Amino acid sequence: MNQAIDASRTRPITSVLIVGGGTAGWLTASILAAKHQHSNLSITLIEAPDIPIIGVGEGTWPSMRSTLHSVGIMESDFIKKCDASFKQGSKFVAWHTGDADDYYYHPFDLPRDFNKVNLAQHWVNTQPDLSFSKLSCVQEHLCEANLSPKLKHSGNYSGVSNYGYHLNAGKFSEFLKKHCVEKLNVKLVLDKVCHVESHKTGECAGDIAYVKTENSGDLHADLFIDCTGFRSLLLGQHCGIKFIDKSQQFPINSALAVQVPYREDQAITSATVSTAQQAGWVWDIGLSSRRGVGHVFSDAHTSEDQALRDLQTYLKLDDKSFNQLEPRRIGITPGYREKFWHNNCVGVGLSAGFLEPLEASAMMLIETSASMIADLMPTTRAAMDVVSLRFNRRSHYRWQRIIDFLKLHYHLSQRTEAFWRDAASADHVSDRLKEDLELWRHQAPWKAEFDSLEEAFPAASYQYVLYGMGFNTRGSEAILNGAAEAINSVAHEAQLLSSKLESNCDILSLIHSV
């Protein structure tokens, strides 16, 4: 008996079943399959044929470039098939005071010579007229001019500045599906899961044994990955892993999403634009073919009718034109699962949790989770226990730090509406963030404070948000060697690139024409 039990725990892991398609499922499948394509690991994905796709525009981080390259996808193919455009960061409008000139950038480029000199401390010491992002990197210049991060002759996934993408999520998942099935040997089952069954006895009791489908029989696997979205069919419903609600930290609980055609000769922006409203904010994502726009808001602070009016005002559309867009309501419950990996089931994407799309962290979390599973793929069921502990520990740290970073945007706001007062409240600021803010009142953040591999946002990101939102750090009389040289090189490069770079529209048109 003991030998049989030991054998079940030491048997090699040879099969993975991903339950659910969409961006989470197919991005996970592509990362796992590319990493293990020369092994004996079998990867199957089951996808219901009639699950509706929300289809809002989404933003990625620059990490998506290396992800797509690593799974064998050509950048031009991806751009053409997924309505993709270039994203060089985020622009926050009216978040600080709501005044007419209130905006700042969180660009993807690090401040110039970031590893040599802390330009944030230099900016604090000198308090120049330029915004911190404009002084320290070229991307605010490029974004304000709607310039592409790539030259005409830039190669696959290369450019003159750091960039990610805006993309059509529905088209992206279909693109990845085709690539996975045709190039990476992922097996696709088009069917619905109607039951999940666990082992009842033995050393593997509690593990998922198989999922029962409507038409394809029972699908067995050694490892199950839950990509079923908000339903969290495996991790949440079947395994009963508690959802940790973060509504007190983030009062936003609703979104109204629309797809907006471009006006004639309208520029394609280089940044996701987030514009504060009375009880939330509007995202504006420029794809190559249209804009994806949505208003996220708190229904405790405004009505849906008022939120619709605010969105219509933002878009500057008359009643007829706005109603033709057919806004869709999306519910949001911010939070995450108490465990991300339980027994032989791991959640990726919305099944694991969701906050809000403020810094486009959702797609990044799929990438990092899938990459961590691929890198840590347990060889046996016994090894899986240790792997899951490490996965959960690292994932929890990452989620907590994302929460801190998103909360920072609200906490520093000086807007006076009830929503913004509640969102800025220090009552639900973590001890870690309180500690950081106390330190940063005396000295500007820098790289040494962010030494974990699981940091979602580097020190540079905190610098951009802190000083974009008017945070006060005590100045010093210290002269930082190399600061003046770095700042001069930014100004010189911004002028040079402004004369050499094409607009996003022109570079995207060139890509589509080839």
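## Overall build

Of the 514 residues in this protein chain, 56% count as buried (under 20% relative accessible area with a 1.4 Å probe, protein chains only). What you're looking at is a predicted model, where local features need pLDDT of at least 70 and side-chain atom pairs count only at pLDDT 80 or more, while totals for chains, interfaces and linings use all residues. Residues are numbered from 1 along each chain as its sequence is written, and side-chain values use heavy atoms, leaving out hydrogens and water.

The chain has 18 helices and 22 strands (DSSP runs: H or I of at least four residues for helices, E of at least two for strands, numbered from the N terminus). Its C-alpha atoms fill a box of roughly 75 × 50 × 50 Å along the principal axes.

## Inside the cores

Now for the nonpolar cores (buried Ala, Val, Leu, Ile, Met, Phe, Trp, Tyr and Cys residues joined through side-chain atoms within 4.5 Å). The largest one has 121 residues, and F78, F172, I225, I373 and Y410 touch the most other members. Helix α13 (residues 381-411) gives this core its largest share, ten residues. Apart from it there's another core of 16 residues, including V189 and L219.

Which residues does F172 contact, leaving aside its neighbours within four places in sequence? Among them are T23, L68, F78 and M363, with contact meaning heavy atoms within 4.5 Å.

Take the contacts between residues at least 6 apart in sequence: 77% of them join residues at least 24 apart.

How values were computed: Buried means under 20% relative accessible area, exposed over 50%, partly exposed in between (1.4 Å probe, protein chains only).
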